[in-house]
Amino acid sequence: MTFVRDDLRPLRRRAAMLAAVFALAFAAILFRLFSLQVIEAPRWRALAENNRLRRLPLEAPRGRVTDRNGDVVMDNRPAFQLLLFPEEMRDPERTIQFLVGIGLADETEVRGRINRARRTSHLPSVIADNLSWAQMAAVAAHRADFQELSVHPASRRSIPAGSTVAHLVGQLGEATPAELAADERLRPGQLVGRSGIEKAYQHVLGGVPGNLVVVVDALGRQVSTLDEEPPEPGHPLALTLDLELQRRAASAMSGLVGSVVALDPRTGEVRVLLSQPAFDPDLFAGHLEPERWRSLLADPAKPLSNRALQALYPPGSTIKPIFAAGALADGLRTPAQSVTCTGQTSFYGHPYRCWLAGGHGHVALERAIEVSCDSYFYRLAYDAGLERLARWAAAFGLGAPTGIELAGEAGGLVPSDEWSRRVRGQKWYAGETISVGIGQGPILVTPMQLAVAYSALVNGGFLVTPHLVPGTGRPPRPIGLDPAALLTVRAGLVRVVAGSEGTARRLAALPVPVAGKTGTSQVIRKREGVRWQELPWEQRHHALFVGYAPPEAPTLVVVVVVEHGGDAAAVAAPVAGQVLAKAFGHDVEITTPLLLFARPDAEPVPPTAAPAAPEVSRETL
Amino acid sequence: MKRFDLFLLGALVPIIVCSHLAQSSTSRALGQPAFASRQLAWLLAGVVLLILFSLADYRILVRFAPLFYAVAILVLAVLPFVAPLRAGTRSWLVLGGYTIQPSEFARVAVLLAVAALAGRHQRETLSAGTVAQLTALVAVPAVLVALQPDLGVALTFVPILAAALWLGGMPWRAWLGLLAAGLALLAAAWLWYLKPYQQERILTFLDPARAPTGAGYQQRQSRIAVGSGGLTGKGLRAGTQSQLRFLPAQRTDFIFAAWAEETGFAGAAVLVLAYATVVLRLFVIAIAGRDREGVLLAGGIGVVLGTQSLINMAMVLGLAPTTGITLPLLSYGGSSVLATCICLGLAQSVWRLRFANV
């Protein structure tokens, strides 16, 4: 083998090729760098911001609610809520056990809340909103172990008046997807009014939540606060309510089941709206313990229902002035025209009894109201016929929602033949019209409707819309009845209290002059010779009283319904009397013994036998 | 000074400056300011080594290559028995308070040994025997490093072999055979060597949606860092991804991402161009080399540093899976800095002695 000078040319050629390949590769890197940093920069910048910025929702304090005198109905108090950042949670099971361990709730409940929170991914969720000091301390002590948990100050509704205003204030609940879609200012998890004033005035009370933007590091630790968009607190709201009167009504109704409604008849401003029994509204200020909720639901006295707006009762004798006004206005009766009451009258071959077995003798309109003579109104109903009775009732707003801003109002029932055929599948029996004449049978109203009807009766014939915030509600509309007729009826209503035979004459002892009408709403047909005190509670009739004052120029109408109260004059009228006295500056105490041993009177007796009229109780309607 | 390649030395200046600035920034983010000054000390020591090796005669070092190689193999062989377990590997030798990563220096020895072996073969293409010897020469230390286990560094041995075979010359049939062998090796490595997390990394790279919070997390955070840097960057020590520690391994594997975030395309492009200049100048030196050994040595160094830089950048930019390959000089690590500087010094020596009459 001969020695040849080493030829490096192939090596150099290959080295040059390598140089070219590497140059191309570096060019590719440069191009990629350009596309990431210049072309796609906005996208990556957004992702980087997402990484480091965390938005903490700042709750907007809800507006304060006061009554017409500035007394606080609803306010806020500081509370501490537990937030969960689902992304930070390493072991959900461990977190669940910890939260159960500090007594937050039982395991299924905690598991449910955690699982709901995990579905919302990157947003923090409120796991509990009313931590006790011990729970806060436990979370703080385990901060290093459970980075996903964080205690945040928040506010919670405080309701100083408590159960007194339970049905009025309403509850809060998390905004539903539909509500979120309808109002862009709402955010997931925000509490909004679910019922009562909270719901009706959500747009006033709600406010706009804010944000706290904080910078966090890769471990989720808060490094600094970047930006704060403070929440816009809800606006305060002054109600037409008179809290002092509401409290008085509540104490007068204590132990009773029923409701009290008081309106300013001139405007429809609601002064009292009470339903008994009530509940502690604070139970609903946060997460409700399922057991409490179940016991409230199962309570046979139905504390959750707002009887003032939702319960339906036959109006009983309280309907009589309405029909009297209608009959006068339509010329069916004159004030002087009289009927002879012998204690029993026959229609269509059946006897209809007056509540006073011996009869009232000659009875004209004003006295018929004073003594609540059934015979007079049987005859009136007979002469008027169902259509006219229904027209008069409807003119006074009965049988239809009053339009108050609170949701869930019941409509009631003013019957007609068409209704009977459609709903009951049978024709209207003429005998039923006679019963409707004294407010029994298939005619149903809410306490609020009764208050609106009496407001029209005493304000010169204007139908008002009850409302809780001054200036709201439709303007009063004339009901189209002769004002003179209304004055005649009012004279009768004055005699109910002031007259020597008045069914509520015990209220004449009040320090303020009042007028009104008693009523008894039948639960079962009355049995002969049985006093109401001897009946089981649930079979006793409902006791009603509608009162107003001052009689000549009324500024307050009060409706009282005591379920199974038995005797209107002895049970319902004293409650109304106490509220009316209070409204005009007098604290009158009518004690329980007086209620219990009061002489029963003014109990209208329904027809003893009315085979043509099938029995109708409010339960079947 | 004409004997030095001023392009290469000039390109090192921005790299050293960038390295120090980037290390200062990430050291602050990680709350360990001492690391930045340590890296700077190594870089300066590296420059001294670079000059020393430039002044040496690479031909003498190539002649002693078998000795260096033998020492390197010996150290790598005993390393598993003397090295403490750190981060799951036995890669570091602890000597009087200093930790040394022998695999980085072993690479220099392998580069010299490969140049010596391939340089002896004075034909247009390499013989089958030489190919086999070269393969064994590289495979032995590579396997030893892989067993530490340090896959990232082990992979950096592969380009040494590839460079020698390419520069030495091989018929295309041989390339095919080698490619097949390489693929078989990869398959075997996948089955028996790679840990599940390493397999996961590769699968994640192939399908990024696979694990957005696991193995894909690092690459995603890296791309967010780079992309959010924009044209001019967020400012030194103001990168949110690095300063808030969303960026993983920001002192080592992902230092380029931290730099790109804080200085933007402007700063990152300067660095890429500086690396490109260094690598391309290494090939220019190779082409200018006076003998086979010189061409093979400088070319080999060019391929090693070039592939290492490119793979690291590609990983940071989401173009390659995360392999644990660092960016020479920029990533934190004394052994790597010093070994890289020795290589650059050797290349300078090739350049200095490029004329046959010196």
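In this predicted model, helix α4 (residues 65–82) of chain B packs against helix α6 (residues 128–146) of chain B at an angle of about 25°, with the axes 9 Å apart. Axes are lines fitted to C-alpha atoms, for helices over the stretch in contact, and angles run from 0 to 180 degrees between N-to-C directions. Helices (H or I, at least four residues) and strands (E, at least two) are DSSP runs, numbered from the N terminus. The angle makes α4(B) roughly parallel to α6(B), a term for angles under 35 degrees. Ala72(B), Ile73(B), Leu76(B) and Ala77(B) of α4(B) meet Val140(B), Pro141(B), Leu144(B) and Val145(B) of α6(B). By class, this contact has eight nonpolar, no polar and no charged residues. Ala, Val, Leu, Ile, Met, Phe, Trp, Tyr, Cys and Pro count as nonpolar, Asp, Glu, Lys and Arg as charged, and the others, Gly among them, as polar.

Residues are numbered from 1 along each chain as its sequence is written, and chains are lettered from A and ligands numbered from 1 in the order in which they are written. Local features need pLDDT of at least 70, side-chain atom pairs count only at pLDDT 80 or more, and totals for chains, interfaces and linings use all residues.

The two chains also touch. Chain B gives 43 residues to the contact and chain A gives 34; residues are in contact if their C-beta atoms, placed from the backbone, lie within 7 Å. On the side of chain B, α13(B) gives the most, with 13 residues. That side divides into 26 nonpolar, twelve polar and five charged residues.

Chain A holds an open sheet of five strands. Their order is β12-β11-β21-β20-β19, with antiparallel pairing. Strands pair if DSSP finds at least two bridges between them. The edge strands are β12 (270–276) and β19 (515–521) of chain A, each pairing on one side only. Strands β20 (residues 542–549) and β21 (residues 556–562) of chain A pair over seven bridges. Within this pair, Val546(A) has Val559(A) as its bridge partner. Helix α20 (residues 568–583) of chain A lies across β11 (258–263), β12, β19, β20 and β21 of chain A, at about 30° to β20(A).

Val458(A) belongs to helix α18 (residues 447–458) of chain A. Val458(A) is buried, with 26 other C-beta atoms within 10 Å; the cut-off for buried is 20 or more. Beyond its neighbours within four places in sequence, Val458(A) contacts Pro265(A), Arg490(A), Tyr548(A), Pro554(A) and Val557(A).

Definitions and conventions:
Parallel < 35°, antiparallel > 145°, perpendicular 65-115°, else oblique. Contact = placed C-beta atoms within 7 Å. Buried ≥ 20, exposed ≤ 12 C-beta atoms within 10 Å, placed from the backbone.
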